[in-house]
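I opened this model to look up its strands, its cores and its ligand site. My entries follow in the order I made them.

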Amino acid sequence: MARAIVFARHGAPEVLELAEVGDERPAAGEVRVRVEAAGLQPFDCALRRGDLARWMPLRLPSRLGNEFAGTVEEVGAGVHHVTAGDEVLGWANLVCHAEAAIVNACQLVSKPIAVSWDEAGVLSASGQTADTALEALAVEPGETVMVHAAAGGVGSFAVQLAVLRGATVIGTASEPNHQYLESLGAIPVAYGPGLEARVRRIAPRGIDAALDAAGGEALNASVGLVVDRTRIGTIADRAAAARLGIRALSTDRSVQRLGKLADLVARGSLRAVVSESFPLRDAVTAHRLVERRHVRGKLVVRPTA
Ligand SMILES: NC(=O)c1ccc[n+]([C@@H]2O[C@H](COP(=O)([O-])OP(=O)(O)OC[C@H]3O[C@@H](n4cnc5c(N)ncnc54)[C@H](OP(=O)(O)O)[C@@H]3O)[C@@H](O)[C@H]2O)c1
């Protein structure tokens, strides 16, 4: 009998419960995975609160979690590229914060041995979002790129992936995260009033592109710093994107993109930073932490812990 985090009504983290959900079997094209690690992000909190109910109404009770790493337990009909016992990572909506998940067999890749469970469990959501965004903003070698909320889940990946593209990266974070940003390869700068002027001192010739994962004032600074508004993208503030004529970006997940990220981690070229992991029974604490908006890197749910 597998257990999962469920919620029967929208609301604060306390609506989350640990419940028995039965042993589900994979249908054709699906795989049952024993989940070892699954990232938790603001999107999960927004779904739980009901913020997205207009665009993405959920049938309650619902589960959460949209990325995972784990071991294949059973494959459905027509699935031939993985078999029971394979270690994999991938994405699947609203099922991953559970001991077992039924996932689409087309949405997973092999977990390299050199990648830990925690690292593998956080690559599919923030990692793919960061990579999608840098691709959309067409970041080139020799350019200077601004990443807002650079110490967070998406930001930590975006900084490193932009550096790998050959860019100079300026990242915003609070002071306690500045050394961390340097360790990822970014020039740190504090967010808050005066941001645009601080960045101009670091990059007097301006910024070529900006990726925003914070919203609000980060976007006003970006439009002051980047001449071409098609090279400013936000994943955090769609309303501001429409108002300012910049790009509202979202993620474009694929097994090619995920495989590339897993390979970079395996080769030691990309760090998947997990600051803390939580057993399922501590999901409420983990949600509270994400909602404070000061997680460094990622938080992970470890259903087998
Ligand atoms: N559209 C999409 O496809 C998509 C995908 C993923 C995420 N998102 C959205 O993108 C946003 C970021 O996601 P995430 O997972 O990266 O979040 P996160 O990990 O929860 O972000 C936490 C980080 O934000 C930083 N931060 C807080 N306030 C800030 C500010 N005013 N300016 C700059 N940094 C600030 C914190 O740094 P300090 O502790 O140093 O303050 C912390 O490291 C969320 O709104 C999320 O919903 C969208």
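Which residue in β4 does Val6 stand opposite? I looked, and Val6 faces Arg63 in β4. Before going on, I noted that this is a predicted model, where local features need pLDDT of at least 70, side-chain atom pairs count only at pLDDT 80 or more, and totals for chains, interfaces and linings use all residues. Residues are numbered from 1 along each chain as its sequence is written, and side-chain values use heavy atoms, with hydrogens and water left out.

**Entry: the three-stranded sheet**

I traced an open sheet of three strands in the order β2-β1-β4, with antiparallel pairing. Strands here are DSSP runs of E, at least two residues, and helices are runs of H or I, at least four residues, numbered from the N terminus. Two strands pair if DSSP finds at least two bridges between them. β1 (residues 3–7) and β4 are antiparallel and share two bridges. β2 (16–20) and β4 (62–63) are the edge strands, each with a single partner, so one side of each has no neighbour in the sheet.

**Entry: strand β3**

I turned to β3 (residues 30–40). Nine of its 11 residues are buried, so the rest of the structure largely encloses this strand. Buried means under 20% relative accessible area (1.4 Å probe, protein chains only). I then listed its pairings:

- β3 runs antiparallel to β7 (residues 100–104) over five bridges, and Glu30 stands opposite Asn104.
- β3 runs antiparallel to β5 (residues 67–75) over six bridges, and Val31 stands opposite Val75.
- β3 runs antiparallel to β16 (residues 298–301) over three bridges, and Leu40 has Leu299 as its bridge partner.

**Entry: helix α1**

I checked α1 (residues 42–49) for burial. Asp44, Cys45, Ala46, Leu47 and Arg48 are buried in this helix. Their cover includes β1, β2, β3 and α10 (283–291). Just after α1, Gly50 has a positive phi of about 95 degrees.

**Entry: nonpolar cores**

Which residues touch the most other members of the largest nonpolar core? I found Leu123, Phe157, Leu161 and Leu181, out of 44 residues in that core. The elements giving two or more residues to this core include α3 (123–136), α4 (153–164), α5 (178–184) and α9 (255–266). α4 gives the most, with six residues. A nonpolar core is a set of buried Ala, Val, Leu, Ile, Met, Phe, Trp, Tyr and Cys residues joined through side-chain atoms within 4.5 Å.

Leaving out residues up to four places away in sequence, Leu161 touches Gly127, Ala130, Asp131, Leu134, Leu261, Leu264 and Leu270. Contact means heavy atoms within 4.5 Å. Another core, of 18 residues, lies apart from the largest one; Met146, Val189, Val223 and Ile232 are among its members.

**Entry: the ligand**

I counted 23 residues around the ligand (a heavy atom within 4 Å). Gly153, Ser174, Tyr191, His294 and Val295 come nearest. I then took the polar contacts, which are pairs of N or O atoms within 3.5 Å. A polar backbone atom of Gly153 is 2.7 Å from a ligand oxygen. For Val295, a backbone N or O atom lies 2.8 Å from an oxygen atom of the ligand. For Thr251, that backbone distance to a ligand oxygen is 3.4 Å. How much of the ligand does the protein bury? Taken alone the ligand exposes 930 Å², and the protein buries 82% of that. The areas come from the Shrake-Rupley method with a 1.4 Å probe.

Notes. Buried means under 20% relative accessible area, exposed over 50%, partly exposed in between (1.4 Å probe, protein chains only). A polar contact is a pair of N or O atoms within 3.5 Å; within protein, one must be able to donate a hydrogen and the other to accept it, and residues adjacent in sequence count only if both atoms are side-chain atoms.
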